[in-house]
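Biologist: I'm new to reading protein models. Could you walk me through a helix and a metal site?

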Amino acid sequence: MQISAQISRFHGTERPFEIREVPVIVTPEDTLVRVSLATICGSDLHTVSGRRDAPTPCVLGHEAVGTIAAPTQHRSVTGELLREGDRVTWSLMASCGTCAYCTDRHLPQKCDRLFKYGHARSEGATTLSGGFATHILLRPGTAIYHIPDALTDKAVVPINCALATVVNGLKTIGTYPNEAAVIHGAGMLGIYAACYLRKQAYDIVAVVDINEARLQTAKRFGATHTFNPAKLSVGEIDEALKALTNGRGTDLGVEVSGVTSGLPSLIAWSAVGGRCLTLGYVYPNAHISVDADHLVRKCVTLRGVHNYHYIALGDSLRFIEESRGHYPFDSLIGETYGLGDINAAFAAAKRRDALRIAIAPSL
Ligand SMILES: [Zn+2]
Ligand SMILES: [Zn+2]
């Protein structure tokens, strides 16, 4: 059977996306997925604005869910058969499973032969390599997970980038019950970090952002306190955090804003022996200036983490399933556009009124 797919191609900053029809060629090694829903991530916006490079033409989009669209020999991470029609999510990268990063170093996201969806030049075997298309071809070395029936596409679609990155980072730096955390940035990662930390029995989860609407969302997703640095100085927020922690400061700081003032603030607010995790600086030349005296005298642990080990995607699915009664995950997705309206979808995403704008390629 000859199938064709529609893809959207990014040709560079300030140039409109092009929609084109391409034949689908499935080899036995690949798994063909029909994309049900994809969302525009902050890093897609960085690419479109020129803040980070992408090979062109490129099918962008890596936060996506879909259904298996052709017979495949591949199995899910948990060993189950993948049948046509099964709803799935997948790791945003494929890795070899044998290099030093994949094995000893437990960093498959840094594999010597890494392939990242939504970041490759769209040609030949990588024509269908992004989520903003009707179909995507998943390569060997991609971790594929079945989506539980109880979960909607909207609740799951951003997790294979945003939530899995948060879960992986927090597992790496460690979380401990009854600690106090402060999250710098109330975008998608910050919102996920707030509710995830509450699930880990954090007493204080403070969220800092200059956007009041996002702070309100953070409150719906578990934030116990919110602070707006457009209204309060770093020193005033420090006083407030110390008042909440018997003068101690925060045990855990999470930087997810990507703003260069974020990490220095988290170090200033840190308790003695505190830990700071940074996930947000994913663009070149993100230079920051910190008072290293604070870092040393307070014995602060600083940890950068990029992307995730695919096991964190399974943890993320479980978290969404267990927490869906507490938090309205569907509400994090704003308007949904058809693939033909991808230019309008990106214009809406750039306005940043909603945390995520979605594209449903079959609309
Ligand atoms: Zn992303
Ligand atoms: Zn590898």
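Predicted model: local features only at pLDDT ≥ 70, side-chain atom pairs only at ≥ 80, totals over all residues.

Biologist: Which residues of helix α6 are buried?

Modeller: First the general idea: an α-helix has 3.6 residues a turn, so residues three or four places apart point the same way. Here, α6 covers residues 234-244, and its buried ones are Ile237, Asp238 and Leu241. These three lie on the same side of α6 because they cover an arc of only 105 degrees around the axis.

Biologist: What do the buried residues of α6 pack against?

Modeller: They pack against the strands β9 (180-184), β10 (204-208), β11 (225-227) and β12 (250-255), plus the helix α7 (262-269). Look just past the end of α6 too: Asn246 has a positive phi there, about 55 degrees.

Biologist: Now the metal. Which residues coordinate the zinc ion (ligand 2)?

Modeller: For a metal site, look at the donor atoms, then the angles. The SG atoms of Cys96, Cys99, Cys102 and Cys111 coordinate the zinc ion (ligand 2), at 2.3 to 2.4 Å. Along the sequence, those donor residues follow the spacing C-x2-C-x2-C-x8-C. Cys99 and Cys111 are twelve residues apart, both in the loop between β5 (87-94) and β6 (115-116). Are they buried or exposed? Cys99 and Cys111 are both buried.

Biologist: And what is the geometry of the zinc ion (ligand 2) site?

Modeller: Tetrahedral, with angles of 102 to 116 degrees among the four donor atoms.

Definitions and conventions:
Residues numbered from 1 in each chain as written. Chains lettered and ligands numbered in written order. Heavy atoms only, no water. Donors = N, O, S within 2.8 Å, 3.2 Å for Na, K, Ca; no water. Tetrahedral: all angles 85-135°; square planar, octahedral: opposite > 155°, others 65-115°. Helix = DSSP H or I, 4+ residues; strand = E, 2+ residues; numbered from the N terminus. Buried < 20%, exposed > 50% of the residue type's maximum accessible area, 1.4 Å probe, protein only. Arc of directions from axis to C-beta. Contact = heavy atoms within 4.5 Å.
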